[in-house]
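Please work through the exercises below with the sequence and the model open beside you. Try each task before you read its solution.

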Amino acid sequence: MPRNLSRRASLLIALAAASPWALAQTAKPAAATAAPLAWPTKPIRIIVGFPAGTSPDLTARTFSEPLSKALGQPVIVENRVGAGGNIGADVVAKARDDHTIGLLINGNMTIAKMLNPAVPYDPLKDLAPLSLIGTSPLVLTAPISQPGVPANADAREFFVAARNGGDKWSYGTPGVGTVGHIGTELLKSRSNINPVHIPYPGYPAVATAILGGQLQMALMPPALAQAQIRAGKLRAIGVTSAGRSPLAPDIPSLSEAGIRGFDLEIWNAFAAPSTMPKPIQAKLAALISEIARSQDVRGKLFQQGWQVAGTSPEGLANRIKADTALLGGVIAMRGIKAE
């Protein structure tokens with residue numbers, strides 16, 4: 001037998017003699033496959049901390065149908081109203097069924113406990129970020145006609161008048177500790193104005209007050225502000241984003257009026273309880289982000305007044321960290337406490 005053939009035969013004999021255990025261990029990595037995630041096993045709940053018909057509720061319902069199709073289970077929107085959305089956020093934080101998530105606003109996920117230590121959940125510990133859904137600047141609005149402000153005043157002239165008005169001017173918000181409140185306090189520190197805060201039950205009441213001349217200024221969502229601006233009933237001073245916003249392209253940013261270091265947005269996002277298993281969080285985050293960026297949902301969210309983000313959990317976590325630092329700093333500086 002030739003030497004090469006002899007060596008080949010010897011090798012084959014040795015392999016044949018190898019123990020079944022050794023052969024099984026050699027083959028195992030190639031044959032192994034990940035077990036499918038056996039979830040969901042029942043309907044999914046989306047908790048919303050605001051009434052039906054509000055912006056968070058509309059956003060949650062925009063996601064319910066496509067999310068149901070993707071998961072093969074009903075997706076139910078449940079409104080748990082109160083405390084500026086914190087009651088709903090607490091329901092999400094304490095859920096242990098692995099089938100409950102929440103559509104929350106930025107205040108619920110950042111500064112809730114800074115404003116009120118009695119809030120029963122910790123946003124940074126008890127909520128797991130899934131995806132930042134939509135962002136929007138606010139629009140600084142003012143009455144069309146008001147004493148001390150020239151009829152055709154631009155933004156710079158408006159701020160001169162506001163400085164001259166001092167604490168005789170007032171501004172309205174939907175409540176103490178809202179982004180409109182904290183944002184205006186930040187604006188005061190950046191622009192050297194000093195209007196007095198007057199809280200109202202919600203933005204519609206703020207709009208009514210400013211139209212009636214009881215307020216000299218207010219930060220309002222673009223969708224609400226632009227309806228009044230186009231009707232010639234309110235004056236637009238500027239948007240609070242760093243540059244012009246696609247949601248209000250005709251309105252200059254406040255930075256164009258010389259207000260530096262001022263970049264403020266409201267936003268909404270999906271979150272889960274921090275106790276939800278990581279594989280489920282990852283599956284939900286990927287689906288929600290994909291749905292947010294789909295053409296149909298993107299169009300619906302834009303009509304609702306949102307510029308779509310659809311981020312990863314890490315993207316939302318970074319936004320939470322940045323906004324907590326910014327808004328928390330204003331809370332500390334101004335001594336703001338929830339009422």
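**Exercise 1.** Which residues does Phe 159 touch, not counting residues up to four places away in sequence?

*Solution.* This is a predicted model, in which local features need pLDDT of at least 70 and side-chain atom pairs count only at pLDDT 80 or more, while totals for chains, interfaces and linings use all residues. Residues are numbered from 1 along each chain as its sequence is written, and side-chain values use heavy atoms, with hydrogens and water left out. Contact means heavy atoms within 4.5 Å. With sequence neighbours up to four places away set aside, Phe 159 touches Leu 140, Leu 187, Ser 191, Ile 193, Ile 237, Leu 254, Ala 257 and Ile 259.

**Exercise 2.** Find which residues touch the most other members of the largest nonpolar core.

*Solution.* Begin with the term: a nonpolar core is a set of buried Ala, Val, Leu, Ile, Met, Phe, Trp, Tyr and Cys residues joined through side-chain atoms within 4.5 Å, where buried means under 20% relative accessible area, exposed over 50% and partly exposed in between (1.4 Å probe, protein chains only). The largest such core has 76 residues, and those touching the most other members are Ile 46, Phe 63, Ile 101, Leu 140, Phe 158, Phe 159 and Phe 270. Helix 12 supplies the largest share of this core, seven residues. Another core, of 17 residues, lies apart from it and includes Ala 89, Val 92, Ala 112 and Leu 127.

**Exercise 3.** Describe how helix 3 and helix 12 pack.

*Solution.* Helices (H or I, at least four residues) and strands (E, at least two) are DSSP runs, numbered from the N terminus. Helix 3 (residues 55-71) packs against helix 12 (residues 278-293) at an angle of about 130°, and their axes are 10 Å apart; axes are lines fitted to C-alpha atoms, for helices over the stretch in contact, and angles run from 0 to 180 degrees between N-to-C directions. The two helices are therefore oblique to each other, since angles under 35 degrees count as roughly parallel, over 145 as roughly antiparallel, 65 to 115 as roughly perpendicular and the rest as oblique. On the side of helix 3, the contact is made by Phe 63, Pro 66, Leu 67, Ala 70 and Leu 71, and on the side of helix 12 by Lys 283, Leu 284, Leu 287, Ile 288, Ile 291 and Ala 292.

**Exercise 4.** Where does Ala 83 lie, and is Ala 83 buried or exposed?

*Solution.* Ala 83 lies in the loop between strand 2 (75-79) and helix 4 (86-94). Its relative accessibility is 53%, so Ala 83 counts as exposed.
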